[in-house]
Amino acid sequence: MPLGGKIRVPGDKSISHRALMVGALAVGRTEISGLLEGEDVLATAAAINALGAHASPIGEGRWAVDGVGIGGLIEPEDLLDLGNSGTAARLLLGILATHPITAFVTAAAAMRRR
């Protein structure tokens with residue numbers, strides 16, 4: 001007897017961080033399906049929102065990112081808290097280095113020790 005059905009594979013954390021950041025640097029709207037909505041990825045979404053892009057959920061595992069284009073990020077009003085996400089820290093610091101803004105980044109104690 002054949003087996004049939006459908007499954008939904010959970011999103012990947014590393015790809016989810018990258019999808020949000022690429023969406024923030026794109027011009028216009030990027031829709032992401034299968035975003036892993038864990039604490040680390042949500043910290044990335046909050047950081048790109050603080051930098052002037054707009055990331056928000058639009059359905060189960062689906063997000064929309066309204067990007068500002070390369071060079072379009074703005075100076076955040078407060079610290080960017082990346083929680084315990086090494087991926088967010090490594091990638092976002094590279095992006096911030098390409099923008100003429102001042103931004104201060106913090107993270108969980110274990111991350112700050114790294």
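Which helix gives the largest share of the lining of the largest cavity? H1 does, with 3 residues. The close-ups below show this and three other sites.

This is a predicted model, in which local features need pLDDT of at least 70, side-chain atom pairs count only at pLDDT 80 or more, and totals for chains, interfaces and linings use all residues. Residues are numbered from 1 along each chain as its sequence is written, and side-chain values use heavy atoms, with hydrogens and water left out.

**View 1. The largest cavity and its lining.** The count comes to 1 cavity of 30 Å³ or more. A cavity here is a set of points, on a 1 Å grid over the protein atoms alone, where a 1.4 Å probe fits but cannot get out; lining residues have an atom within 4 Å of a point. Grid points are joined across faces, edges and corners, and the volume is the space filled by probe spheres set on the points. The largest cavity holds about 30 Å³. Its lining is Met21, Ala24, Leu25, Ile48, Leu51, Leu73, Leu92 and Ile95. Helix H1 (13–25) and H3 are the elements that give two or more residues to this lining. Helices are DSSP runs of H or I, at least four residues, and strands are runs of E, at least two, numbered from the N terminus. By class, the lining has 8 nonpolar, no polar and no charged residues. Nonpolar covers Ala, Val, Leu, Ile, Met, Phe, Trp, Tyr, Cys and Pro; charged covers Asp, Glu, Lys and Arg; the others, Gly among them, are polar.

**View 2. Strand S3 with its partners S1 and S2.** Strands S1 (residues 27–33) and S3 (residues 62–68) run antiparallel, joined by 7 bridges. Two strands pair if DSSP finds at least two bridges between them. Glutamate 31 has alanine 64 as its bridge partner in S3. Strand S2 (residues 54–59) is also antiparallel to S3, with 5 bridges. Here histidine 54 stands opposite aspartate 66. The hairpin of S2 and S3 has 2 residues between the strands, and glycine 61 takes a positive phi near 70 degrees.

**View 3. Proline 57 in strand S2.** Beyond its neighbours within four places in sequence, proline 57 is in contact (heavy atoms within 4.5 Å) with Glu37, Arg62 and Trp63. Aspartate 12 lies 45 residues from proline 57 in sequence and 16 Å away in space, C-alpha to C-alpha.

**View 4. Serine 85 in the loop between strand S4 (80–81) and helix H3 (86–96).** Serine 85 has a relative accessible area of 2%, so it counts as buried (under 20%, with a 1.4 Å probe and protein chains only). Serine 85 touches His17, Asp40 and Met111, not counting residues up to four places away in sequence.

Note on methods:
Buried < 20%, exposed > 50% of the residue type's maximum accessible area, 1.4 Å probe, protein only. 1 Å grid on protein atoms, 1.4 Å probe; cavity = no way out; pocket = protein on both sides within 12 Å on 5 of 7 lines; lining within 4 Å.
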